[in-house]
Amino acid sequence: MDQLKISNSFVLLIFACTFSTFGFGWSKRIACEIQHDGKIYNTSAHPVSDKINVHLVPHTHDDVGWLKTVDQYYVGSNNSIQVAAVQYILDSVISALQADPNRKFIYVEQAFFQRWWRQQNSATKRIVRKLVDGGQLEFINGGWCMHDEATTHYIDMIDQMTLGHRYIKKQFGKVPRIGWQIDPFGHSAVQAYLLGAEVGFDAVFFARADYQDVLQRRKDRTMEAIWRGSKSFGPSAQIFAGVLANHYEPPDGFNFDIDSTNPPVQDDPELFDYNLEERVDLFVQRALEQAKEFRTNHLMWTMGDDFAYEYANTWFKQLDKLVHYVNKDGRVNTFYSTPSFYVDMKAASNETWPLKLNDYFPYASSANGYWTGYFTSRPALKGYVRKLSAYLQVARQLEFFVGRKVRGPNTDSLEEALAVLQHHDGVSGTEQQHVADDYAKRLYISSIESEDLVNLALQHIASGRFSMNHTPHLEMVTSQVSSQSKATLRAGLNFQQCPSSNISYCPQSEADLSGKTLAVIAYNPLGWERKEIVRITVSDYKVDVFDSSGNLIPSQIIPVSQASRKLREQHLKSIRKPAVSDESIFELLFECSTPPLGYSTYYVKPSQNDSYSSEYTLIQENNENHDVYLQSNSAQYILSSSSRLLDRVKLKDGVEVSLRQSYCWYNGSDGNTEETRGQASGAYVFRPNSSSCFPLTDNIKLSSVKGSLVEEVHQQLSSWLSQVLRTYKGSDHAEVEFTVGPIPIDDNLGKEIVTKFSSDLESHKTFYTDSNGRDFIKRVRDYRSDWELEVHEEVAGNYYPLNSGIYLSDNSIDFSILVDRSMGGSSVTDGELELMLHRRLLYDDGKGVAEALNETTCMGDDFSTCEGLVVRGTFLLDVHSTNESSFSRRNLIQRKLFPLQLVFSVSNDEDGWLSVSEYSAMKTGYQLPPNVALITLQEQHDSNLLLRLGHLFENDEDETWSSVAIVDLQDIFAYRKIKHVEELSLTANQRKCEMKAKHWQIENDDVQPGSYIRSVGFVGDGYQIELRPMEIRTFSVFLE
Ligand SMILES: [Zn+2]
């Protein structure tokens, strides 16, 4: 129906154009008159130097899932929730642009555009290419989605932007110029310098910044500034950053979407309600108001909204009239434009701009509306995203080792699913429940394909069926099984993995081993050698573990803990899986030594007699009243007899640091009482009823395990809250495994569960949190560097997003907590750190999602028995002297981010089973320097590889490791010879040497030009490159 209406209306449009060339950076401007219903409108205006110029930017904001799923939004189903259909938006915009060559439109979300593009015939594709070439349709931002900036990891942000940019380059040969992060709830430093400047964007625009900040900026005319997000890069990675004037909507009175109540421009005196002068007057008034708050005589008006332009003609017909009549009036000047052209005009002015450092977190939209709850919302989904994000990197590496295949399993579907999840209503946890379910389903389905790939690739390498010095091909493996159905293929595999190990469930490793051997292949995706203790479930405690040379190695057996058993039982019941009797399930631990980018194999065998070698350690109840000690490599973690929780840490030099753990809950506001003035705590907003955190730490039941590889204490805090605190042989840190839920709500109170660690460090209100897992940013409680903060929320207003972690320092000792997924954290009291682990809330917070954040798991035959979601995760505690801490922290972050990937195979015939039991893709004996990480290793097409390497330290972060690192790229490829290397932009869509940043004049800038040197090209012979602090370099590597 909609399409029909559109074509009918266009019958009435007649246009006549002549082409001529003007300046202003547009290659071609078109003098054009468009006729609607017999009237002729001149839409060909261009900037005028002595007037206020209003850039009309037609746009639509299309969420890649939120109240509806991404596919529902695309096709336009489920409209009872929200009327939105992206396919018709694109259909109707394309027609409307064809009708007048002066009209323009920007499009952002490639997840939608690519769905649409696939469905178009070649004639439509030709039309669209012409519109893109002519500058009428411009892709900006251009990622798969508009990613969130708080709960996303920088590697995922890079991946999802690269995915979109790659398509735009391939289909249109275009490179997006503008960052368009209009809706995310706060903006990160990494967005500015990495996903902005290093991508090659000229500017980034957004709508949401703290209401106090925006008030000040409007007054100071600092809505637009030059943003230097990186301490290490300074002006070498700065970007023009603009807070939009009217959220991302048109100024009040100028919304022309099909369901808008704003009046159209009625210019026909024959009809009633003629309002031309009135409409022009209001336009001029709005422009003059905005001009008071912005610098230069160029203003941008965002002419669009959420899912706008489903019927594009309602907009364009009115905008044509406005361009015509406002220019005829002459008080201000207006024309169709794009953010790129707007930024060109800003750069062409002689204006000087204010400087912005750090980031735009946290974001408050009102005194009690701090959008800091979503840092933790849906912790299980956040954990799943992080886990699969690491898994994608593993799968890509293996895909490259054995040769990428177009048919058969590849990593494309997981890449795409993870890209969808980066959306600002995806991993952020601010979507409706049915959408979160859809996201999880997408992740699960695509992970199965990558799992097949990983199994096949490892099986292929381990079987020794390819010679190490020629290009191996997975095709060989899959062609052998191509006649089999996919299900048979999966069942027939020798190699299997355990995606449910988080609930201590692994049918592969729990197999009956009588007369058999279990091979455990530990794959290490890091570019460094690695020694680590791994943990698997087995069904017999009488086992021996051997390395690949046949040496018996030390191992430890622990019965599965009470909390794990409960979790396992519950989840197996919900998926109706039969399991080995839980009483006979044990955890087997042993130490793995793995080469970089490769694997080692370990063999678990049942003992022939009663003299098995695994050390059996019982979980023993601790009822006595004395302190409990856990020994790590160099420190002792001490639990007090009274609190039965961690109390202090004794470091190797005898220094004792007080470190008292507690659990407590904030009562999420219901928003209805007078005191709370209407703001409830919900999916976006964290709004505790008061600053009190109510304790959850009475009557803790304690038991402990002591063995030669791991020491643990198990703490049962209540029927729904438990944790394990453990130390591993050879490591300095301690690990906390928490199990939280179902959070009780029978008292009708929403709860936000927090763990706190109080130390005696004199932190002077200061703490540090990471930006998207990359830089650490200094935070000061109740303080913002850009304005005088009025404090209304003592707790929520000091929460920041964590992706790697949070730390305190007193310049002698650092205390860090490193997390396994994104979550919120703070230091609300000096010397103290807190993490918000889980939230269960009973009211919607009124920010759009229209649901309370009350996640449940449903079981039973018809899934009608539901209880609150249980969340399990881990975080690390690391206490070091300040001069040693950053190395330890960065190293642990990498290990936590990329855990060893375990793959299992059971056989009763050892001969010729695994002929290659150890493998590294790197040159023998080579590993990356400790300050360099492999970020991407992804085969693009035959013998072409996308390679990203990143320096892990900031300027001045570490005395030793904040130095220039050198890597010879050839050393990374033991079995392949490099033919040619080209350096690219961060999203790999342009050559680095051709990138040019715009020049901006900055107020009071005391940075000396040239004081921030950046690495470029190669050093020495061959393929040696340098990496300076925080640099990520992207290469296209062509291999022989
Ligand atoms: Zn949005």
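How many cavities of 30 Å³ or more does the count come to? The count comes to 13, and the legends below visit one of these cavities along with other spots. This is a predicted model, where local features need pLDDT of at least 70, side-chain atom pairs count only at pLDDT 80 or more, and totals for chains, interfaces and linings use all residues. Residues are numbered from 1 along each chain as its sequence is written, and side-chain values use heavy atoms, with hydrogens and water left out.

**View 1. The zinc site.** Here the zinc ion is held by His 61 (NE2), Asp 63 (OD), Asp 183 (OD) and His 424 (NE2), at 2.0 to 2.1 Å. Donors are N, O and S atoms within 2.8 Å of the metal (3.2 Å for Na, K and Ca), and water is not among the atoms, so sites may look incomplete. Along the chain, these donors follow the spacing H-x1-D-x119-D-x240-H. Asp 63, in the loop between strand 4 (53–61) and helix 2 (70–75), and Asp 183, in the loop between strand 7 (178–180) and helix 7 (189–193), link distant parts of the chain, 120 residues apart. Helices (H or I, at least four residues) and strands (E, at least two) are DSSP runs, numbered from the N terminus. Both aspartates, Asp 63 and Asp 183, are buried; that word means under 20% relative accessible area, with exposed over 50% and partly exposed in between (1.4 Å probe, protein chains only).

**View 2. Two nonpolar cores.** A nonpolar core is a set of buried Ala, Val, Leu, Ile, Met, Phe, Trp, Tyr and Cys residues joined through side-chain atoms within 4.5 Å. The largest one has 244 residues, and Trp 180 and Tyr 309 have the most contacts inside it. Helix 12 (residues 379–402) gives this core its largest share, twelve residues. A second, separate core has 22 residues, including Phe 590 and Leu 902.

**View 3. The second largest cavity.** About 80 Å³ of space lies in this cavity. On a 1 Å grid over the protein atoms alone, a cavity is a set of points where a 1.4 Å probe fits but cannot get out, and lining residues have an atom within 4 Å of a point. Grid points are joined across faces, edges and corners, and a volume is the space filled by probe spheres set on the points. Of the 14 lining residues, the closest to the centre are Val 243, Leu 244, Ala 245, Gln 290 and Met 300. Strand 11 (245–248) and strand 12 (298–306) each supply at least two residues of the lining.

View 4. Most residues other than glycine have a negative phi, and most peptide bonds are trans. Phe 307 has a positive phi of about 50° although it is not a glycine. Phe 307 sits in the loop between strand 12 and helix 10 (313–329) and, at 3% relative accessibility, counts as buried. Ala 988 also has a positive phi, near 60°, but is partly exposed, with a relative accessible area of 22%. The peptide bond from Phe 361 to Pro 362 is cis, with omega near -10°, and Pro 362 lies in the loop between strand 15 (355–357) and strand 16 (364–366). The bond from Gly 741 to Pro 742 is cis, with omega near -10°.

Note on methods
1 Å grid on protein atoms, 1.4 Å probe; cavity = no way out; pocket = protein on both sides within 12 Å on 5 of 7 lines; lining within 4 Å.
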